[in-house]
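Biologist: I would like to learn how to read helix packing from a model. Please take me through one case.

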Amino acid sequence: MTTIAAVVLAAGGSTRFGRPKQLLDWNGVPLLAHVVDEALDAGLAPVVVVLGAHADAIRPALGTRPVQVLTNYRWAEGLSTSLHVGLSALPPEVAGAVFLQGDQPLVSAALLRSLVARFEESGAAIVHPAYEGRRGTPVLFARRLFPELAAVRGDEGGRGLIERHGSVAVPVDDPDILADVDTPEDYRRLRARAGSAPVDLSRIRHLIVDMDGVLWRGDAPLPGLREFFDTLRRRGLDFILATNNSSRLPEQYAAKLRRFGVEVPPSQVLTSSEATAAYLQTVAPHGTPVYAVGGEGLHRALERAGFVQSDTEARYVIVGWEMGLDWEQMVTASLLIHAGAEFIGTNPDPSYPTPRGPVPGNGARLALLEATTGVSPVVVGKPEPWMYREALRRMGASPERTAAIGDRLTTDIAGGRRLGTMTILVLSGATTPETLAASSIKPDWVFADIGEVAHALAEAG
Ligand SMILES: [Mg+2]
């Protein structure tokens with residue numbers, strides 16, 4: 001795979017908007033952050049952002065995104081000064097770089113990916129989009145042109161290089177895709193364009209629903225719980241309740257829901273232990289000896305799936321979460337992995353929430369064994385695809401007609417995006433509006449809680 005970097009040029013000091021243009025709202029995130037998210041989503045790496053005017057005010061808008069932010073103190077001297085600053089930050093291993101403007105909101109990750117694909121298949125030194133033969137930005141330059149780019153002066157940009165070296169175009173069918181936000185009129189027009197795009201909830205036929213922070217918090221049901229399940233039944237929507245927690249049994253979750261007045265059969269509850277047992281059935285025959293460390297949920301799931309616990313013959317070491325940590329179990333697990341047993345983790349969560357605060361989660365248990373053995377585990381729970389795949393399999397569902405609902409961006413929503421389902425974030429658990437705004441992981445829809453989701457689903461029907 002070729003590594004292509006992104007340089008986002010956002011040094012300009014436009015005064016037409018009453019505040020830095022880079023901070024204009026774009027579907028709940030600052031415009032510049034939106035452009036950066038598309039570059040990250042396209043797999044460009046590293047992503048370098050060049051700021052200039054108002055750099056100190058703009059920088060916080062990028063939140064915790066994994067980007068390198070540089071300041072061009074000479075931004076007023078023209079675009080080329082920002083090009084130079086961006087080029088200086090690129091590591092030697094990149095094969096080229098896409099130079100994006102920070103104010104082209106309709107340049108999507110898909111367009112960026114097609115520029116890279118065209119670059120790889122054509123071997124051209126320069127690739128750019130074009131509408132009806134008219135060249136547009138962003139432009140991808142091969143590494144061998146970087147010295148020439150570094151010699152560009154004033155506001156010339158890459159024009160001279162394109163004339164000297166020729167270029168290959170990726171055609172687009174809409175001029176707005178290449179438009180930038182120069183005036184408040186542009187901003188209004190492009191916002192209206194983008195707003196008409198979102199898919200609608202009536203496409204949903206199946207749901208994968210996270211539980212903690214979505215259906216309840218601790219021992220208290222969250223608002224709209226019964227209404228949510230009533231709506232699913234009325235609309236004939238199929239669902240699986242899926243949790244990364246591996247310590248409990250599906251029957252225990254069903255019993256908890258019954259206390260809240262909702263009947264769900266245990267077969268519609270998928271724990272990461274159940275998903276791990278299902279995954280193991282696809283790679284290991286019935287009766288395979290395994291060594292499992294974890295709670296009752298894990299031991300029962302493996303037993304029901306036909307695996308046999310053994311601390312001497314095990315071909316798989318499977319680690320799930322339970323309160324407490326047993327030294328002898330860690331010793332046995334380490335030695336088995338050293339001797340060649342496959343290492344599997346039910347879920348990657350680094351911490352486990354308790355009323356006192358976060359305590360070591362299953363990710364911490366896996367890290368202990370990984371440090372000891374030098375072997376990385378195969379992890380089944382969210383955001384890895386195995387658990388969501390098992391949920392789809394149980395429902396006979398396709399990702400395109402399925403929505404994943406959860407309260408965590410890094411597990412529930414990232415897992416859904418990875419598998420190509422629709423995604424719904426609820427703000428009743430781990431994610432605040434502030435963490436959402438600062439994250440590069442974007443759900444398709446955001447609702448306050450499951451009650452609001454029920455309303456929207458009822459109306460979409
Ligand atoms: Mg949750």
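Modeller: This is a predicted model. In it, α10 passes α11 in a right-handed crossing.

Biologist: At what angle do α10 and helix α11 pack, and how far apart are their axes?

Modeller: The angle between α10 and α11 (residues 296-304) is about 30 degrees, and the axes lie 8 Å apart. Angles under 35 degrees count as roughly parallel, so α10 is roughly parallel to α11.

Biologist: Which residues of α10 and α11 meet?

Modeller: An α-helix has 3.6 residues a turn, so residues three or four places apart point the same way. From α10 come Ser273, Glu274, Thr276 and Ala277; they meet Gly297, Leu298, Ala301, Leu302 and Arg304 of α11. By class, the residues of this contact between α10 and α11 are four nonpolar, three polar and two charged.

Biologist: Which residues of helix α14 are buried?

Modeller: In α14, residues 385-395, the buried ones are Trp386, Met387, Tyr388, Glu390, Ala391 and Leu392.

Biologist: What do the buried residues of α14 pack against?

Modeller: Their partners include α10 (272-283) and α15 (409-419), and among the strands β14 (238-243) and β23 (402-406). Just after α14 comes Gly396, with a positive phi of about 60 degrees.

Biologist: How many helices and strands are there in the protein chain?

Modeller: The protein chain has 17 helices and 25 strands. Of its 461 residues, 44% are buried. Of the contacts between residues at least 6 apart in sequence, 70% join residues at least 24 apart.

Technical notes
Residues are numbered from 1 along each chain as its sequence is written. This is a predicted model: local features need pLDDT of at least 70, side-chain atom pairs count only at pLDDT 80 or more; totals for chains, interfaces and linings use all residues. A residue is buried if 20 or more other C-beta atoms lie within 10 Å of its own, exposed if 12 or fewer, and partly exposed in between; C-beta atoms are placed from the backbone. Helices (H or I, at least four residues) and strands (E, at least two) are DSSP runs, numbered from the N terminus. Two residues are in contact if their C-beta atoms, placed from the backbone, lie within 7 Å. Axes are lines fitted to C-alpha atoms, for helices over the stretch in contact, and angles run from 0 to 180 degrees between N-to-C directions. Angles under 35 degrees count as roughly parallel, over 145 as roughly antiparallel, 65 to 115 as roughly perpendicular and the rest as oblique. A crossing is left-handed if the near helix is turned anticlockwise from the far one by less than a right angle, and right-handed if clockwise. Ala, Val, Leu, Ile, Met, Phe, Trp, Tyr, Cys and Pro count as nonpolar, Asp, Glu, Lys and Arg as charged, and the others, Gly among them, as polar.
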